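Please read it alongside the sequence and the coordinates.

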Amino acid sequence: MKLISWNIDSLNAALTSESARALLSRAVIDTLVAENADIIAIQETKLSAAGLTKKHVTALENYFPDYTHVWRSSVEPARKGYAGTLFLYKKELNPIVTFPQIGAPTTMDHEGRIITLEFDNFFVTQVYTPNAGDGLRRLEDRQLWDVKYADYLAGLDSQKPVLATGDYNVAHKEIDLANPNSNRRSAGFTDEERQGFSNLLERGFTDTYRYLHGDVPNVYTWWAQRSRTSKINNTGWRIDYWLTSNRVADKVTKSDMIDSGTRQDHTPIVMEIDL
């Protein structure tokens, strides 16, 4: 089974805009089409509470005619056009789809951050983890989120193996970002967030990229748009992951990044597993 995950940073822009960035995004979508994955997880759709428009659906069906799609958007009292997730999966698959709430603080449970697909012998779940925010104003809420999310994944894992993916908004170790020393109190690399991710793995999960590749340096999934040279200079962060339950990690045959060309921000990640 092949699975792909990508933080798209606005599905609407990627599908309908004619900006230079949108054209780069559509080139990535073309790449995903060619990958012919069984399941594609998309984060940060930024759709309205009403979700996909007819124009969006038409575009997705043109790109992915053999797939079913399910989505979850941010709804009141959360911000409009914020966060959001979407799954595309091959039509011959027939998962039970759930949109879990995990008891997260503030409006986080209303921000469309998790979708889970249940199959006979495993779960596939994606997450768009809340950012700690400018000035770490949301760090305490993020820490509570991490606890609640780890509890949720462990609950799934107690039933059957879990394949979990998404934008986790944390570089776990120093090797996972280009400039660790200057980012000690930056959102995504605080001690608190890194410990939260460690705690998650200790509940029975494997970072599949490190499992297969070991401590390979200078490999990232995100490059800041604010810096024109971040991708050219490879000053990136690895904040997107494919995790599995420990007991099926040895069945993973591939876990890697997909080349997104010159487009900055997130690059897609792919996992292949023989279940």
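The second largest cavity holds about 60 Å³ of space. Its lining has ten nonpolar residues, with no polar and no charged ones. The model is a predicted one, and the structure contains three cavities of 30 Å³ or more.

**Second largest cavity**

- The residues lining the second largest cavity are W6, I8, L11, L15, I29, L32, I42, L60, F64 and L88.
- Two helices, α1 (11-16) and α2 (20-35), each contribute at least two residues to the lining of the second largest cavity.

**Largest cavity**

- Around the largest cavity lie T129, R142, W145, D146, Y149, Y168, V170, E193, G196, F197 and L200.
- The elements giving two or more residues to the lining of the largest cavity are α4 and α5.
- Sorted by class, the lining of the largest cavity comprises six nonpolar, two polar and three charged residues.

**Packing of α4 and α5**

- Helix α4 spans residues 139-157 and helix α5 spans residues 191-202.
- The axes of α4 and α5 come within 9 Å and cross at roughly 5 degrees.
- Because angles under 35 degrees count as roughly parallel, α4 is roughly parallel to α5.
- On the α4 side, the contact is made by L139, R142, Q143, D146, Y149, A150 and L153.
- On the α5 side, the contact is made by E192, E193, G196 and L200.
- By class, the residues of the contact of α4 with α5 are five nonpolar, two polar and four charged.
- R142, D146 and Y149 of α4 take part in the contact and also line the largest cavity.
- E193, G196 and L200 of α5 likewise take part in the contact and line the largest cavity.

**Largest pocket**

- The largest pocket has a volume of about 1000 Å³.
- The largest pocket is lined by 34 residues, of which N131, D134, N169, W222 and R226 are the closest to its centre.
- The lining of the largest pocket divides into nine nonpolar, 14 polar and eleven charged residues.

Terms used
Residues are numbered from 1 along each chain as its sequence is written. This is a predicted model: local features need pLDDT of at least 70, side-chain atom pairs count only at pLDDT 80 or more; totals for chains, interfaces and linings use all residues. Side-chain values use heavy atoms; hydrogens and water are left out. On a 1 Å grid over the protein atoms alone, a cavity is a set of points where a 1.4 Å probe fits but cannot get out, and a pocket is an open set with protein on both sides within 12 Å along at least five of seven lines; lining residues have an atom within 4 Å of a point. Grid points are joined across faces, edges and corners, and a volume is the space filled by probe spheres set on the points. Ala, Val, Leu, Ile, Met, Phe, Trp, Tyr, Cys and Pro count as nonpolar, Asp, Glu, Lys and Arg as charged, and the others, Gly among them, as polar. Axes are lines fitted to C-alpha atoms, for helices over the stretch in contact, and angles run from 0 to 180 degrees between N-to-C directions. Helices (H or I, at least four residues) and strands (E, at least two) are DSSP runs, numbered from the N terminus. Angles under 35 degrees count as roughly parallel, over 145 as roughly antiparallel, 65 to 115 as roughly perpendicular and the rest as oblique. Contact means heavy atoms within 4.5 Å.
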